[in-house]
Amino acid sequence: MNKLLIVGSVAFDAIETPFGKTDKILGGAGTYIGLASSFFKVQSAIVSIVGEDFPQEYIDLFSNRGIDVSAIEVVKGGKTFFWKGRYHNDLNSRDTLETQLNVLGDFQPKVPQNFKDADVVMLGNLHPLVQISVLDQMEKEPKLVVLDTMNFWMDCALPELKEVIKRVDVITVNDEEARQLTGEYSLVKAAAKIQKMGPEFVVIKKGEHGALLFHDKQVFYAPALPLEEVFDPTGAGDTFAGGFAGYIAQSENLSFKNMKNAIIYGSTLASYCVEEFGTQRMERLQKEEVIDRLQQFKALTQFDISLELDNEEE
């Protein structure tokens, strides 16, 4: 089996949406990426850090999905990263009510020896220096490095972010972040500028409006599946990234054509993630359900059309 190394936060979230609110529940980029990638035939490991307050049942959840947890450091007497947020009625915008870095503030990632030759490295949303540290520990050049980042790091660590961007093959950002990073309003121009920074592939996520994939002069658009209900968008982007990276690691195919498939797999898994609070839906999700929704995606986007225009006058 191919190896996928995942770096990202394993954390607690407290979420409030128009549909309800939670106390502390399982969250974090590394969590969502790991759960999504576990649907593929890959050997995966999560590199992260938690406090002594982190329940063993959550660690067991990862292990039961075949995820290597040996690189999730548990700090004795420490407290796990915590984020609390409230979503607005449109679910596209949110307010951060509380952030406690706790043990994540001093996180120094340690890549396990048996994953220093990983085929795919998925750098979840963390400080760019943490992401660079992981790449520096690899003993073999990964076949693919995927980076997820956000506007926060563009505001406070832009030079370091640009350094890590130089070293990755794929970057995933949302449309607002792509514009901030490049100063271009046109996403086509923004993607071209980002490619010049280093990544061969640029994925621009547009939430409920789907995702765009750019490579050289080629562009692919995947719509988001129309859903009856979106309950909680937390983790959707990370689930998308986990599905994308997991599929690529399993298939070993780095072509633009195969990246299109990876986008669809990522979108499919993300469409399930938003149906319930936190990781609840992903924990219960079955492979048969994923295949069923892939069929829905195919039906949504597939059509036959005549390429001939009839210009004859009646």
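Tutor: Helix 1 and helix 8 cross in a right-handed way, and keep in mind that this is a predicted model. Helix 1 covers residues 29-37 and helix 8 covers residues 236-251; their axes come within 7 Å and cross at roughly 45°. That angle is why the two count as oblique to each other. On the helix 1 side, the contact uses Ala29, Tyr32, Ile33, Ala36 and Ser37. Helix 8 answers with Asp238, Thr239, Gly242, Gly243 and Gly246. Sorted by class, the contact of helix 1 with helix 8 comes out at 4 nonpolar, 5 polar and 1 charged residues.

Now hop over to helix 3 (residues 128-137) and helix 5 (residues 158-165), which pack at an angle of about 30° with their axes 8 Å apart. Since the cut-off for roughly parallel is under 35 degrees, helix 3 is therefore roughly parallel to helix 5. The handedness here is left: helix 3 passes helix 5 in a left-handed crossing. The residues that meet are Pro128, Leu129, Gln131, Ile132 and Leu135 from helix 3, with Glu160, Leu161, Glu163 and Val164 from helix 5. Those split into 6 nonpolar, 1 polar and 2 charged.

Next up is the pair formed by helix 9 and helix 11, packed at an angle of about 115° with axes 10 Å apart. Helix 9 passes helix 11 in a right-handed crossing. From helix 9, the contact takes in Ile264, Tyr265, Ser267, Thr268, Leu269, Ser271 and Tyr272. Helix 11 brings Glu289, Val290, Arg293, Leu294 and Phe297. By class, the contact of helix 9 with helix 11 has 7 nonpolar, 3 polar and 2 charged residues.

By class, the lining of the second largest pocket holds 5 nonpolar, 2 polar and 2 charged residues.

Key: Residues numbered from 1 in each chain as written. Predicted model: local features only at pLDDT ≥ 70, side-chain atom pairs only at ≥ 80, totals over all residues. Heavy atoms only, no water. Nonpolar A, V, L, I, M, F, W, Y, C, P; charged D, E, K, R; others polar. Axes fitted to C-alpha atoms, helices over the stretch in contact; angles between N-to-C directions. Helix = DSSP H or I, 4+ residues; strand = E, 2+ residues; numbered from the N terminus. Left-handed = near helix turned anticlockwise from the far one by under 90°. Contact = heavy atoms within 4.5 Å. Parallel < 35°, antiparallel > 145°, perpendicular 65-115°, else oblique.
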